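The entries follow the order in which I worked.

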Amino acid sequence: MQLEIVDNEGNAGAIYRRKQWMNISLNKHNYQDGWIHIDVVPTIRRSATTRERIMLNNRVRFGNMKRVNRAVWALTVILMMVLGLVLAGCSGSSDGADGKEESTYSKIVAIAKKGRSLADVKDELKDAGFSSSDYEVKSDTDKMVLRASNWVVQSVEDGDKPVINVRKASDIAQEEEAKKVAEEKKAAEEAAAKKAAEEAAAKKAAEEAAAKKAAEEEAARKAAEEQAAAQAEAQRQAEEAARQAQQQQQAQQNVHYANCSEVRAAGAAPLYQGQPGYNGKLDRDHDGVACE
């Protein structure tokens, strides 16, 4: 079976396939790996069956897709490799620069510690290989730093160049002296206030104790007075009872009724046993009641 392929320049070729033959026209052609692809327009003879047409179209279409996929994949791999190399180069150069700056700054920070004399720091930086152009020295008042021994390091700032911030030693001494005086004054005031508070608390406690004692003494005095008054009242009542009993006894002994008529005339009837004027002679039934 013979299959003819003709390109856009009129060149013709022959492809032999078993059990089928076709003629197709191509705008472009490529015979690599035996695949026909890129803008193919198949022309099938009338004698070809429907199945043969479908099989030929599929071979051409799948061949085109395979070549395009290979090209796209290769181009993608190349672009990714180039991009990776570019990024790796940029990152390496950036890391190298940062590492250098960080190393310089960290070394200066390790030497220029807070509280050290600027003169000692400069000498040690010089021994470590640093020159005065590798860092800057800045005072807190923006004054020119002339004599390094008169200045003390406060901090180190990072920048284009590390900046060593310093203060004058005399200013620091004055500030520390003023701070010490203020702290001593504050401590004295706090101690005085504490002492006054303790004295006030002690005075208040003493007053409260005295008031409590006075209240207790007053309560005891009142209790004693009440007890004495109660005893006096009890004694008075006892004496009054004894006096009344004595009077009653005397009256009973002095009262005498000859008969019940005298009792009734005196308004004392009936007479009960124990009352003044009671007489067994007047109590006929001897039930303790006379002149009933």
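This is a predicted model: local features need pLDDT of at least 70, side-chain atom pairs count only at pLDDT 80 or more; totals for chains, interfaces and linings use all residues.

**Entry 1: the core.** I looked up the largest nonpolar core and found 16 residues in it, of which Ile108, Leu118, Leu125, Val153, Ile164 and Val166 touch the most other members. I then checked where its residues come from, and the elements that contribute two or more are helix H1 (50–111), helix H2 (118–127), strand S6 (151–157) and strand S7 (163–168). The largest share, four residues, is given by H2. A second, separate core has seven residues, among them Cys260, Val263, Leu282 and Ala290.

**Entry 2: the overall layout.** I counted elements next and noted four helices and nine strands in the protein, which follow one another from the N terminus as β-β-β-β-α-α-β-β-β-α-α-β-β. Of the 292 residues, 17% are buried. For the accessible surface I wrote down about 21,600 Å², with 53% of this belonging to carbon and sulfur atoms. Taking contacts between residues at least 6 apart in sequence, I found that 37% join residues at least 24 apart.

**Entry 3: strands around S7.** Which way do S6 and S7 run where they are joined, parallel or antiparallel? They run antiparallel and are joined by six bridges, and the two strands form a hairpin with five residues between them. With strand S5 (residues 136–139), on the other hand, S7 pairs in the parallel sense, over four bridges. I looked up individual partners as well: Val153 has Val166 in S7 as its bridge partner, and Lys138 has Asn165 in S7.

**Entry 4: Asn165.** Not counting residues up to four places away in sequence, Asn165 touches Lys138, Val152, Val153, Gln154, Ser155 and Glu157, and Lys138 is the residue whose bridge partner it is.

**Entry 5: the disulfide.** How many disulfides does the count come to? It comes to one, and this disulfide joins Cys260 to Cys291, with an S to S distance of 2.2 Å. The pair links distant parts of the chain, with Cys260 in helix H4 (residues 260–265) and Cys291 in the segment after strand S9 (289–290), 31 residues apart. I then asked why the disulfide of Cys260 and Cys291 is left-handed. The torsion about its S-S bond is about -90 degrees, so the disulfide is left-handed. Finally I checked both cysteines for burial: Cys260 counts as buried at 17% relative accessibility, and Cys291 counts as buried at 4%. Cys260 is also one of the residues in the second core.

Note on methods. Residues are numbered from 1 along each chain as its sequence is written. Side-chain values use heavy atoms; hydrogens and water are left out. Buried means under 20% relative accessible area, exposed over 50%, partly exposed in between (1.4 Å probe, protein chains only). Contact means heavy atoms within 4.5 Å. Accessible areas come from the Shrake-Rupley method with a 1.4 Å probe; for residues, only the protein chains shown count as cover. A nonpolar core is a set of buried Ala, Val, Leu, Ile, Met, Phe, Trp, Tyr and Cys residues joined through side-chain atoms within 4.5 Å. A disulfide is a pair of cysteine sulfur atoms within 2.5 Å. Two strands pair if DSSP finds at least two bridges between them.
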